[in-house]
Amino acid sequence: MSKRDDQTPILEARDVRKTYRLGRVDVPVLKGASITAAPGEWLAILGASGSGKSTMLHLLGGLDRPDSSRGGNKGGEILYKGQPLRRMGARRLDRYRAADVGFVFQFYHLLPELTVMENVLIGAMVLHGRLGYRKRRDEIRARAEGLLERVGLSERLRHRPVELSGGERQRVAVARALVNDPGVLLADEPTGNLDRASGGEVLESIASMRDEGRRTIVMVTHDATVAARADRVIELRDGLVVQKSALGGVGRAAAV
Amino acid sequence: MYQGLLTRKYLTRKIMPLLSAVAVALCTAMVLVTWSVMGGFLNTLLTSGRAMMGDVKIEVSGVGFPYYNDLIERLEAHPDLVAAAPAVEWFGQIGLPYGRVAQAAVWGVDPERYARVTHYSDALHWRPIDTPTRRDTEGADPRLGPASEYFTGPGVRSWDSVLQRGLSLTAIDERTNEPVPGIALGIRLSGQSRPRPGWYEPTSRFAEDFLPFGGRVTLVVLPSDSQGRMIEPRARIVQVVNEIQSGIAQVDGQTAITRIDLMQDLLGMRGGERVIEPGGFRVDVDPVTGEERFFAPVTVSEPSRVTTVFVRGRDGISLDKIVAATREATEAFIHANSSRPQGGLLRYLTLATWEEINAQFVAAVKKEIGLVLFLFSFISLTAVFLVWSIFWSMVNEKTKDIGILRAIGASRRGVAWLWLRYALSIGVVGSALGLAISYLIVRNINEIHDWMDTALGLSIWDPSIYLFAKIPDEVDPLHAAVVGLGGVLAAVFGAMVPAIRAARMDPVRALRFE
Ligand SMILES: Nc1ncnc2c1ncn2[C@@H]1O[C@H](COP(=O)(O)OP(=O)(O)OP(=O)(O)O)[C@@H](O)[C@H]1O
Ligand SMILES: [Mg+2]
């Protein structure tokens, strides 16, 4: 890793605002939140329910956009390797979601009709299209099998999601998120729906997927003990980010 | 790529899409069955019509016209025409056994020439057959047994000899042992009982009134002379030599075919010397020169006349060309003969195809087909709306999947294509199923109809209303292709709006969807 990489955050939310409209009422959820994730860092975003954690993660993943900038830069920016997502065209943004980031959701979100293996492969199919996928088929299958083995599911390739436990499903989701080897893994309460034991297994899987610090992980949770697995914890409160240290949990001023 | 995978999975795991495929199948089947049967009906109408009269008919009805052999020679010399045959068409009465009388079109033909122009030889019913006809499940057809059981007449030994008599329209006079003209009746004319559609039981097994061969009928015609004046009725007892089953209800129910020489004799159309007797002191117009003169007994030499010449064109030549060739030969013929005695009659020659003769009927059938197809295609719009609503609810149900796909990088276009592709598969499966169903129905429509007839007492196809005994059972590949494509398009159209909705979905909302 170069020096420059260490300094430039791989993913950054800069003064991001997000407001939902409910009928005539504007509900501001994010009110100028800023986050930076350095390459290879495991960042946890801690926050109460309804604090806007999922919203933030969706913005980071390019699934949604911050408020439009009516006059100036009011809505803020999401930057990937210094490049604002706002400037990306629809095609580039689709590619960003397919190749540069991977999502893990609280409720697994696997496709129920597909097998475990197919659920992992579909990420690669979406990225490469018919021809590209055909060309790399063996390579991709090998990678998918490898990932599923690493999350301990190599015996379950042909099973369908309904035949798996919650923890197993989430581990499939982790494998799916990583099939295209993205630089960033975005995890939205990956253990939120699991008991402590299987949640721990999922966290182990995620930890094992850091690949010697090559991968950045942004994980959202409301559970401080889960957040403790991360290198650094920040807290989202009232639509703003409150910085915290990873180890002591003592509040610190924003570093960026 | 992923669209193909998901389409396969959705198709095999969901019941709704299969229901929409069934809807597409039923609609395509409905349209194709109708088109095949009605289109086949029209086709049979056009081709079977020709089977008994060739491609073109040249005629002067009533008085007829002379020098027809010259016309036939000219027609047959034309490279686009194969054969021509003279005929006398007249209306007559057929006196049947037990005092029954039937009205009939009576055609006098030269059997060999007539058979070259038409399918006359195929239309003769009483002939040797090896296997029972399609619907004769018990093998009860009399033609399967020995012929001797049914007749005693001279010269008749076997079904083959019955066929030969039909082909030559010649019977053997029992007293003189001389050949005499016979008559072939339309098979339903004599009121044969028909235990099953498709084969016939002779009326009676007693030789004296056993009609199909050797039975006798009285042929009564009302002739006119060369000026068109009616002369008194003429009657002749003739032996029946065979019966005609052409499949055309008109022919089978109301036509009798006999030899042309007999009809010419009865109608005074046979040429030769004829003495015209004076009827007192009268002034009359000479039929040849047109001069007025006192009427005295004169002997005139008249040429033979026929009412009709049937023409058949070479195979593979269009009907238009055949008509043009016929017209060409006919005009040359008129030009060469109009100044000969009675040549004035040639002015009245008319020329018509079977389709033209039945133009009103054919046009009505065509219009009816168009109307029914339009209606059924309109009804098939229900398939579009069915696919629409099923896809709408499936897009709803699969909202979360759409969100997931967008989250892992699928484009809006890719999501739209997922649903369109899915609809395409449903359309292809549905259409293929529909084509298969309609093929099976159409190919077996006569059996199905028979079954309905015997099991439910439902007989929709009445051969006395429609022209043909058999319901058309061919599927035109072009029609099948058009209808199949229509089914696929209907499915894709139906999925269009739901697909667009899926593509426009906000991925975050989709993911939050419960
Ligand atoms: N589409 C929407 N329209 C209106 N309000 C919304 C919408 N999506 C989210 N919200 C609101 O925004 C707020 C933040 O939601 P978000 O899901 O980001 O919270 P969260 O921190 O992830 O909560 P949880 O821990 O329960 O998942 C909530 O109050 C929610 O009701
Ligand atoms: Mg959330």
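How many residue pairs are in polar contact between chain A and chain B, with both residues at pLDDT 80 or more? The count is 3 residue pairs, a polar contact being a pair of N or O atoms within 3.5 Å, where within protein one atom must be able to donate a hydrogen and the other to accept it, and where residues adjacent in sequence count only if both atoms are side-chain atoms. This is a predicted model, in which local features need pLDDT of at least 70 and side-chain atom pairs count only at pLDDT 80 or more, while totals for chains, interfaces and linings use all residues. Residues are numbered from 1 along each chain as its sequence is written, chains are lettered from A in the order in which they are written, and side-chain values use heavy atoms, with hydrogens and water left out.

**The interface of chain A and chain B**

- Chain A brings 28 residues to the contact and chain B brings 26 residues, where contact means heavy atoms within 4.5 Å.
- The area buried between the two chains is about 2400 Å², and carbon and sulfur atoms give 66% of it; buried area is the accessible area (1.4 Å probe) that two parts lose on being put together, summed over both.
- On the side of chain A, the residues that lose the most area to chain B are His109(A), Glu113(A) and Val126(A), which together make up 26% of what that side buries.
- The rule finds 3 salt bridges across this interface, a salt bridge being a side-chain nitrogen of Lys or Arg within 4 Å of a carboxyl oxygen of Asp or Glu.
- Lys9(B) and Glu118(A) form a salt bridge in which the closest N and O atoms are 3.0 Å apart.
- Asp94(A), Arg97(A) and Arg406(B) are linked in a network of salt bridges.

**Salt bridges within chain A**

- Arg92(A) and Asp100(A) meet through their side chains in a salt bridge, at 3.2 Å from N to O; Arg92(A) counts as partly exposed at 29% relative accessibility, whereas Asp100(A) is buried at 15%, since buried means under 20% relative accessible area, exposed over 50%, and partly exposed in between (1.4 Å probe, protein chains only).
- Glu235(A) forms a salt bridge with Arg237(A), the closest N and O atoms being 2.9 Å apart; Glu235(A) is buried, with a relative accessible area of 12%, while Arg237(A) is partly exposed, with 46%.

**Chain B as a whole**

- The secondary structure of chain B comes to 16 helices and 18 strands, where helices (H or I, at least four residues) and strands (E, at least two) are DSSP runs numbered from the N terminus.
- Chain B has 514 residues, of which 51% count as buried.

- The buried residues of H12(B) include Asp401(B), Ile404(B) and Arg406(B), and H12(B) is followed by Gly409(B), whose phi is positive, near 110°.
- Asp80(B) lies in the loop between helix H3 (68-77) and strand S3 (81-95) of chain B, and Asp80(B) is buried, with a relative accessible area of 17%.
- Leaving aside residues up to four places away in sequence, Asp80(B) touches Gly313(B), Arg314(B), Ile317(B), Lys321(B) and Ala325(B).
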